[in-house]
Amino acid sequence: MTAFQDILHTIAPELDELNKRMRDALHTSNPLMNEIVTTYLATKGKQIRPVMVLLSAKMFGGINSTAMHGAAAIEMLHNASLIHDDVVDDTHLRRGMPTINTVWDNHIAVLVGDFFVSMALHEALLTKNLDIAATIGALGRQLSLGEIDQIDKARNHYLDESAYMDVIDNKTASLFVACVKMGALATDAPQEDAERLEQFGRLIGLAFQIRDDIFDYFSDGTGIGKPTGNDLREGKVTLPLLYALSRTDMEECDAMNEIVRRDELDTEDIERLIRYAKEAGGIDYAYSRMRELRDRAEEIISAFPESETRTAFMAIFDYIIHRTY
């Protein structure tokens, strides 16, 4: 059993209840919607985000009904973003299974994504906590702006690590920040403690996206459904290649910088850029940045009293860095 599985075991009853609540909440009078949602939820993944909501609540007093509704809201909004992303990116597989847009078409996929958004807001309102509802609303806004910002930077060829970190801060880290904030709000945690855990959440979110981006540089033998070089096909230049493009000491650096600025890349271009990123130490650099984030996160969370939950948060960070899918 892995450390992450150990964490899931400690909150297994609450996680089971959460999944039952979501299934019940998403059930409708429409047979087609029920079929799509049931099929989709059958491959729910690791559920790291709702787990972080529950752990945050556990750290600050205990998992209560408010935390459960908050976790459901976070997970529904996250899934809505994935469903919509699959339409935008024309993704055919997610978690090794055909996407909604592949099986039913884009029109239905967009509507299902919208349904998840509305249900996320519904779950947030069931908490009767305006701060939680506001958190979900702000998160939806930030996720959308993060995606738009990424598209803008890709189209205008912003090849800068700082710009990259700003993008993943908005499009990914913001979700992890909201997770721990949700648990803190549900338990009326002291503001100083809540803000400290939000800093931790931001760092773990940044590391999550960097690790996710590394997958793009290797053949997909893991079932995650993301073909090699997919980010580059969409014009997204991520951390490993950004670092490699700054290696002016490398013989191919100028040529690679010229290629990456083209409006369209063919398969040969993408293969050359991926090879160059690896040869120039881009993958190693990305791992080193994740380790830096982990060290900062450990320093932040060490301010909390030692507990099973504090250990669990660091175990999730380690899992994220070393995960294989």
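Helices and strands are named here as DSSP runs, numbered from the N terminus. The structure described is a predicted model.

**Two residues with positive phi**

On this naming, Gln 47 falls in the loop that joins α3 (31-41) to α4 (48-59). Its phi is near 55°, which is a positive value in a residue other than glycine. Most residues other than glycine have a negative phi. Asp 90 also has a positive phi, of about 55°, although it is not a glycine. The place of Asp 90 is the loop between α5 and β1 (93-94).

| Residue | Relative accessibility | Class |
|---|---|---|
| Gln 47 | 6% | buried |
| Asn 79 | 4% | buried |
| Asp 90 | 48% | partly exposed |

Because buried means under 20% relative accessible area, Gln 47 at 6% belongs to that class. Asp 90, at 48%, is partly exposed.

**Asn 79 in helix α5**

Asn 79 is part of helix α5, which spans residues 65-89. With a relative accessibility of 4%, Asn 79 counts as buried. When neighbours within four places in sequence are left aside, the contacts of Asn 79 are Tyr 40, Arg 95 and Phe 116.

Phe 200 touches Ala 297, Ile 300, Ile 301, Phe 313, Met 314 and Phe 317, not counting residues up to four places away in sequence.

**The pairing of α10 and α15**

Phe 200 also takes part in the contact between helices α10 and α15. The axes of α10 (residues 191-214) and α15 (residues 282-301) come within 9 Å and cross at roughly 165°. Angles over 145 degrees count as roughly antiparallel, and α10 and α15 are therefore roughly antiparallel to each other. The crossing of α10 past α15 is left-handed. By class, the contact of α10 with α15 has 15 nonpolar, 1 polar and 5 charged residues.

On the α10 side, the residues in contact include Arg 196, Gln 199, Phe 200, Arg 202, Leu 203 and Arg 211. Those of α15 include Tyr 287, Arg 289, Met 290, Leu 293, Arg 296 and Ala 297.

Definitions and conventions. Residues numbered from 1 in each chain as written. Predicted model: local features only at pLDDT ≥ 70, side-chain atom pairs only at ≥ 80, totals over all residues. Heavy atoms only, no water. Contact = heavy atoms within 4.5 Å. Axes fitted to C-alpha atoms, helices over the stretch in contact; angles between N-to-C directions. Helix = DSSP H or I, 4+ residues; strand = E, 2+ residues; numbered from the N terminus. Parallel < 35°, antiparallel > 145°, perpendicular 65-115°, else oblique. Left-handed = near helix turned anticlockwise from the far one by under 90°. Nonpolar A, V, L, I, M, F, W, Y, C, P; charged D, E, K, R; others polar. Buried < 20%, exposed > 50% of the residue type's maximum accessible area, 1.4 Å probe, protein only.
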